[in-house]
Amino acid sequence: MANEDANEGAAYTLILLRHGESEWNAKNLFTGWVDVDLSEKGRAEAERGGQMLAESGLLPDVLHTSVLRRAIRTAEIALHRADLHWLPVKRSWRLNERHYGALQGKDKAQIRGEFGDEQFMLWRRSYDVPPPPIADEDEFSQFGDLRYADLPPELLPRTECLKDVVGRMLPYWYDAIVPDLRSNKTVMVTAHGNSLRALVKHLDKIDDETIAGLNIPTGIPLVYRLDEDLLPVTPGGEYLDPEAAKSAIEAVKNQGR
Ligand SMILES: O=C(O)[C@H](O)COP(=O)(O)O
């Protein structure tokens, strides 16, 4: 972690943790809202994430997760490792991964081969081009999934671009996470590649083009110290293991190649 001076002006601490490798990350499949579990490597990453937390002395007071198993399990394993398994937890669909539409369940390399590099990257990383919507009867659709039963039907996505994720994630940021920060709690958010990209875009005020080049690695805690205005004291935050983050970011970037 950075020295104390680098944290001058910090009022709040926010820890972001992308879930460990999932079974579908390992198979290189578009996942989105499909509720797959962690791979063995993913469980080990979560464990290591928890160890990093414990060693850094950063102790979250409250946990926010999505309603997807890979994020829930990652937090469970990491917090257990840090002896913080008892932490209060709040969950919301608004922290879910980006809904990948009709690409859910499809092989990334195959889609890249079929549609070409440009279209593939537009779907993966453009700010405002969503993949085609998923049909309600598709085996990987979330239509009829009990956990979304209370959601007004018009809010259940059939596909999303990152802009859509920013739009549905921000109300949760303002209504649930910010109040915890303002009451001086160290907040941990365990979520997904693209929901965390949406949050980082907001925190660091990253423009719509630049965000395409930002990738979040699995299982490595990213710590933001925020000032009174909730602006990062160190732009981009700090990974608890910056070296491991660098190579893991490259791996995410090159998925489907
Ligand atoms: O939903 C997925 O497939 C991954 O979690 C994120 O994938 P991406 O890096 O291709 O956006």
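Start at the ligand and select the shell of residues around it: Phe30, Thr31, Gly32, Glu97, Tyr100, Arg124, His192, Gly193, Asn194, Val252 and Gln255.

You are looking at a predicted model, where local features need pLDDT of at least 70, side-chain atom pairs count only at pLDDT 80 or more, and totals for chains, interfaces and linings use all residues. Numbering runs from 1 along each chain as its sequence is written.

Next, select helix α6 (residues 162–182) and helix α7 (residues 193–204), whose axes come within 9 Å and cross at roughly 70° (axes are lines fitted to C-alpha atoms over the stretch in contact, with angles from 0 to 180 degrees between N-to-C directions). The two helices are therefore roughly perpendicular to each other, a label for angles of 65 to 115 degrees. To see where they meet, show Leu162, Val165, Val166, Met169, Leu170 and Trp173 in α6 with Asn194, Ser195, Arg197, Ala198, Leu199, Lys201 and His202 in α7; contact puts C-beta atoms, placed from the backbone, within 7 Å. By class, this contact has eight nonpolar, three polar and two charged residues.

Finally, move to helix α2 (residues 40–56) and helix α3 (residues 69–81), with axes that come within 7 Å and cross at roughly 40°. That makes α2 oblique to α3. Among the residues making this contact are Arg43 and Ala46 of α2 and Thr74 and Ile77 of α3.

Technical notes. Helix = DSSP H or I, 4+ residues; strand = E, 2+ residues; numbered from the N terminus. Parallel < 35°, antiparallel > 145°, perpendicular 65-115°, else oblique. Contact = placed C-beta atoms within 7 Å. Near = placed C-beta within 6 Å. Nonpolar A, V, L, I, M, F, W, Y, C, P; charged D, E, K, R; others polar.
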